[in-house]
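Subject: Structure for you to look at

Hello,

I am passing on the structure that we talked about, and below it you will find my notes on what turned up. Please read them with the model open beside you.

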Amino acid sequence: MSGSDARTLSRSLLDLCRSRKLTIATAESCTGGLVAGALTDIPGSSDVIDRGFVTYSNDAKRAMLGVEADTLATFGAVSKEAATQMAVGALERAGVDLAVSITGIAGPGGAVPGKPVGLVHLAVAARDGRITHRECRFGAIGRSAVRQRSVVEALRMLMEMARGPKQAKPKRAAVSRIRPRVTRSPRRHAAKGRRPPRG
């Protein structure tokens with residue numbers, strides 16, 4: 001993953017959001033504002049990007065995003081629960097259409113049992129109520145690499161959410177309706193098997 005990947009994704013995301021009239025906020029911990037930086041590096045991003053929250057400490061997560069103290073105490077800052085509350089908090093406070101959050105352990109220190117260096121939790125919350133979460137285990141690939149890959153993953157998740165909810169494929173439903181009508185072979189066999197009564 002390189003800076004060019006993030007730049008290409010940022011351009012595509014901004015174009016998509018512009019066409020769908022969607023706005024974005026970011027809530028970042030281990031990436032320290034890199035997602036917001038990647039997006040605002042593109043000229044004309046101001047019609048999509050509203051604001052970014054850099055909530056590095058637990059106090060900041062609570063004060064700026066409304067992450068619950070119980071969540072942090074029970075699951076820790078690097079968890080699905082914290083990432084989800086960060087994304088929802090950013091969405092509500094900014095009043096945008098989409099919000100992404102990132103919380104992780106970029107290294108080289110900070111690892112605890114069950115939470116190694118390179119563990120990153122990301123979440124995206126949408127105004128229509130959809131929420132997605134992703135857990136990434138990048139490994140000890142270096143602080144800069146963990147942060148950069150987290151940015152690219154966050155941009156991908158925003159792209160998926162910006163495209164809208166997945167719609168059911170009508171073709172499958174049509175096929176399942178036809179099948180029962182086609183299978184009428186038992187009646188035919190029953191008709192062939194009938195013999196006139198013998199006197």
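Of the 199 residues of the chain, 41% count as buried, where buried means under 20% relative accessible area, exposed over 50% and partly exposed in between, with a 1.4 Å probe and protein chains only. Please keep in mind that this is a predicted model, in which local features need pLDDT of at least 70 and side-chain atom pairs count only at pLDDT 80 or more, while totals for chains, interfaces and linings use all residues. Residues are numbered from 1 along each chain as its sequence is written, and side-chain values use heavy atoms, with hydrogens and water left out.

The chain holds eight helices and five strands, which are DSSP runs numbered from the N terminus (helices are H or I with at least four residues, strands are E with at least two). From the N terminus on, the order of these elements is α-β-α-β-α-α-α-β-β-β-α-α-α. If contact is taken to mean heavy atoms within 4.5 Å, then among contacts between residues at least 6 apart in sequence, 65% join residues at least 24 apart.

Helix H3, which covers residues 58–65, has Ala60, Lys61 and Leu65 as its buried residues. They lie on the same side of H3, because they cover an arc of only 100 degrees around the axis, the arc being that of the directions from the helix axis to the C-beta atoms. These buried residues of H3 pack against strands S1 (24–28), S2 (49–54) and S3 (98–104), and also against helices H4 (69–75) and H5 (80–94). Just after H3, glycine 66 takes a positive phi of about 75 degrees.

The axes of H3 and H5 come within 9 Å and cross at roughly 40 degrees; axes here are lines fitted to C-alpha atoms, for helices over the stretch in contact, and angles run from 0 to 180 degrees between N-to-C directions. On the H3 side the contact is made by Lys61, Met64 and Leu65, and on the H5 side by Gln85, Met86, Gly89, Ala90 and Arg93.

Lastly, which residues does glutamate 153 touch, not counting residues up to four places away in sequence? They are Leu122, Arg134 and Cys136. Glutamate 153 has its place in helix H6 (residues 143–162), and glutamate 153 counts as buried because its relative accessibility is 12%.
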